[in-house]
Amino acid sequence: MSASGTNLSAIVVFVAFVSLSLFITWWAAKRTHSAGEFYTAGGKITGFQNGLALAGDFMSAATFLGLTGLVFIGGADAMLYTVAITVSWAFILFAFADRMRNLGRYTFADVVAFRLHPERMRVLAAIGTLTVAIPYLIAQMVGAGSLIETLFNIPYLGAVLIVGTLMTVYVVFGGMLATTWVQVTKAALLLAGGTALLFMVFSQFDFSIDALFERAGEVHPRGKGIFLPGVLYNDPISVVSLGLAFICGTAGLPHVLMRFFTVPDAIQARRSIGYAVVIIGYFQVAIMIVGFGAIGLLIGQADYVDNVGRIAGGANMVSIHLSRLVGGDVFFGLIAAVAFATILAVVAGILLSASAAVAHDFYSRVIRKGEISDASEVTVSRWATVCIGAIAIALSLLFKSVNVAVLSTIALAIAASVNFPAIFLALFWSGLTTRGALAGGATGLVVVIVLVVLSPTVWVNVLGNATAIFPYAYPTLFSVAAAFAVTILVSLTDKSARATIDRAAFPAQLVRSEVGERL
Amino acid sequence: MDESALLKEPEFHRLLVRRSRLRWGFSGLLIGAYLVWGIGGLYYAEAYATPLAGSAFPAGLAMGLLIIALSIVFSIIYVRAVNRIEAEEFGEQEKHR
């Protein structure tokens, strides 16, 4: 295949992006001194900038490259993801934006620790953050390593080292300000690149959506069967689980929740998530159309798809192949560089949330009980970033052949089953107690890990057993339900002295969460 | 500040009720739409694959697009409505003091 090999435009665009990102980091470093500046850019990001950054956080390489591949393979079923993702962001806006921004300062732990036992809840939140962030980080870096290996002919080791070092540099020196602006830059690039790809694909069909869909139905090996739902997911439990994974999972992602605190107030928080919904909704629709366009254009091209329908380089390469086919080598290089930039920006955000969990929630608040100067907290955060960055690089090199899809599923399922129930019930249910939240969090974590191990993705594909004990790819319906049930049952039966304090503090929290700093 | 005093104020209760109505109304509509559409596809697959009259665009995908469009519209309405509600309730309250 000729798609590998060095490509001048890819290198030019990529070097330009890295230079710009390092300039941003240098600029941000001069403005990052206090803990507030390090974790949340001093709360000075505007609603529109933060909306782009939020959308950028979510539009990872997995959505850009993975979803087009999923349309190519699964046809209409890929739309389940597209719809669930957009609905999940709207839900975050309605349910979380106001109350989270009004109660928190740096991390979502501030919110769950507001009226519950502060140290215990911060430990739970730190575990919930790290068990989401580390698998997510490794999934992105391993995916990036393999992608860059194919695209730029850089060996895997070098690719992981480049990604790992750059993300660490952004966060250590530039904190949230650099992370946000790198993310904003990348989101703008990705939107421009995706729109250009959509335009060029459309032009191949003389801008007729009918021609595009007609052609896809003619050339796909399954014919018009690609428009039939129920191919990837053929039972209601899977459809519900997939929806819950995105709706509750996205609302439990620590690096997404952290962005609520980078804006000055609840008005800007609402506005920023409103922008994010619009941008993400648009991008999801664009990706779906590009995916069906790819079916029509790539099938039959021996360079990209063989005669049994296998895509050269794997399903993640669909957008990349397509960009080369419709836009030539220059455009292909551009899209490849944008995909690389996407990964860089996303991992930086995740790394920052992990280091905030270690340095702010665990070290400063639990170990030192808040008895720490602002300057030393920033120093601890920077060292935590370096350590987590190094660990992520080492693990990515060690687990080169790890199944990226499994890691992403675990991360999203833990976010949905550990972080989401704790935050949701802390915000909306006066009966929640510390003991209930801890029991529910532990249940969610254990159920996710057990069910993922017993699921087809690990039990059959990794461990080589004939049939899976747990037949569904996503465990979320069961793990989220278990976490909620245990949290509520334990809270209701909790007669401890702490439980009385937890419940009595709800009215004050309610007022604060609805009106914020206006008091 | 004295939070328990604010808790008894009618403005605060109106804010709470008005925001809750939007919050759970929009969330319920969208999540319900995803579930009905997603599970419906399993039982009416043929209907979902049928193109819309006079085009090649499958009906199931068109419904999915509609839910995405609704998410965007509801989000815009929510942001505007809550800004207005907060201004109304707090505006009144600030005048009282």
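Let's start where the two chains meet: 44 residues of chain A are in contact with 42 residues of chain B, where contact means that the C-beta atoms of two residues, placed from the backbone, lie within 7 Å. This is a predicted model, so to speak a computed picture: local features need pLDDT of at least 70, side-chain atom pairs count only at pLDDT 80 or more, and totals for chains, interfaces and linings use all residues. Residues are numbered from 1 along each chain as its sequence is written, while chains are lettered from A and ligands numbered from 1 in the order in which they are written.

**Where chain A touches chain B**

- On the chain A side, the elements that give two or more residues are α5 (78–103), α9 (209–219), α10 (236–250), α12 (266–298) and α20 (506–515); helices here are DSSP runs (H or I, at least four residues), strands are runs of E (at least two), and both are numbered from the N terminus.
- The largest share of that side, twelve residues, comes from α5(A).
- Sorted by class, that side has 28 nonpolar, eight polar and eight charged residues. Ala, Val, Leu, Ile, Met, Phe, Trp, Tyr, Cys and Pro count as nonpolar, Asp, Glu, Lys and Arg as charged, and the others, Gly among them, as polar.

**G243(A), a residue to look up**

- You'll find G243(A) in helix α10 of chain A.
- G243(A) counts as buried because it has 25 C-beta neighbours inside 10 Å. The cut-offs are 20 or more other C-beta atoms within 10 Å for buried, 12 or fewer for exposed, and anything in between for partly exposed, with C-beta atoms placed from the backbone.
- Leaving aside neighbours within four places in sequence, G243(A) is in contact with A84(A) and, over in chain B, with Y34(B), L35(B) and G38(B).
- Y170(A) is 73 residues from G243(A) along the chain, and their C-alpha atoms are separated by 33 Å.

**Chain A as a whole**

- Chain A has 20 helices and zero strands.
- Along the principal axes, the C-alpha atoms of chain A fill a box of roughly 70 × 50 × 40 Å.
- Of its 519 residues, 63% count as buried.
- Among contacts in chain A between residues at least 6 apart in sequence, 84% join residues at least 24 apart.

**T385(A) in helix α14**

- T385(A) sits in helix α14 (residues 374–398) of chain A.
- With 27 other C-beta atoms within 10 Å, T385(A) is buried.
- Apart from neighbours within four places in sequence, T385(A) is in contact with T168(A), V171(A), V172(A), L351(A) and S355(A).
- The C-alpha atoms of T385(A) and S355(A) are separated by 5.2 Å, though the two are 30 residues apart along the chain.

**Chain B**

- Chain B has four helices and zero strands.
- Of the 97 residues of chain B, 30% count as buried.
- Take the contacts in chain B with a separation of 6 or more: residues 24 or more positions apart account for 63% of them.
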